[in-house]
Amino acid sequence: MWLDKAETWSLAQELGGEALVEIILEHTHTCYQSERGPREAWGHGCGRLPRLRLAQRGYLAWREGRKVV
């Protein structure tokens with residue numbers, strides 16, 4: 001609840017390494033409209049909802065080692 005998306009990815013890596021990150025990316029989706037869509041770098045989803053853009057920004061910020069603003 002108190003973590004931004006980049007910090008959430010960092011925690012996943014800390015807890016389970018790249019294996020957990022890969023499980024999250026491959027076996028979950030972030031779309032509130034239940035669209036799995038093709039897998040992007042940040043995971044699955046329709047790519048149109050603001051929530052998905054937030055997930056994308058957080059994932060990319062985590063991979064680049066910076067905080068999301």
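Which element gives the most to the lining of the largest pocket? The structure examined here is a predicted model, in which local features need pLDDT of at least 70 and side-chain atom pairs count only at pLDDT 80 or more, whereas totals for chains, interfaces and linings use all residues. Residues are numbered from 1 along each chain as its sequence is written, and side-chain values use heavy atoms, with hydrogens and water left out.

The lining of the largest pocket receives its greatest share from α1, which gives five residues. Here helices (H or I, at least four residues) and strands (E, at least two) are DSSP runs, numbered from the N terminus. A pocket is defined on a 1 Å grid over the protein atoms alone as an open set of points where a 1.4 Å probe fits, with protein on both sides within 12 Å along at least five of seven lines, and its lining residues have an atom within 4 Å of a point. The space in the largest pocket is about 220 Å³, where grid points are joined across faces, edges and corners and the volume is the space filled by probe spheres set on the points. There are 13 lining residues, and T8, W9, I24, T30 and R51 are the closest to the centre of this pocket. At least two lining residues come from each of α1, β2 (43-44) and α2. Five of the lining residues are nonpolar, six are polar and two are charged, with Ala, Val, Leu, Ile, Met, Phe, Trp, Tyr, Cys and Pro counted as nonpolar, Asp, Glu, Lys and Arg as charged, and the others, Gly among them, as polar.

Beyond its neighbours within four places in sequence, Y59 is in contact (heavy atoms within 4.5 Å) with W9, L25, A41 and W42.

Helix α2 consists of 15 residues and reaches 21 Å from its first C-alpha to its last, close to the expected 21 Å at 1.5 Å a residue, the expected span being 1.5 Å times one less than the number of residues. Its buried residues are L52, A55, G58, Y59, A61 and W62, and α1 is included in what covers them. G58 has a relative accessible area of 0% and is therefore buried, given that buried means under 20% relative accessible area, exposed over 50%, and partly exposed in between (1.4 Å probe, protein chains only). The C-alpha atoms of G58 and R39, which are 19 residues apart in sequence, are 16 Å apart in space. After α2 comes G65, with a positive phi near 75 degrees.

E7 lies in helix α1 and counts as partly exposed because its relative accessibility is 28%; E7 and Y59 are 52 residues apart in sequence, yet their C-alpha atoms are 9.2 Å apart in space. E22, also in helix α1, is partly exposed, with a relative accessible area of 39%, and lies 10 Å from A41, C-alpha to C-alpha, across 19 residues of sequence. E35, by contrast, is in the loop between α1 and β1 (39-40) and is partly exposed at 30% relative accessible area. Residues up to four places away in sequence aside, E35 touches H29, G45, C46 and R48, and its C-alpha is separated by 9.3 Å from that of G47, twelve residues apart along the chain.
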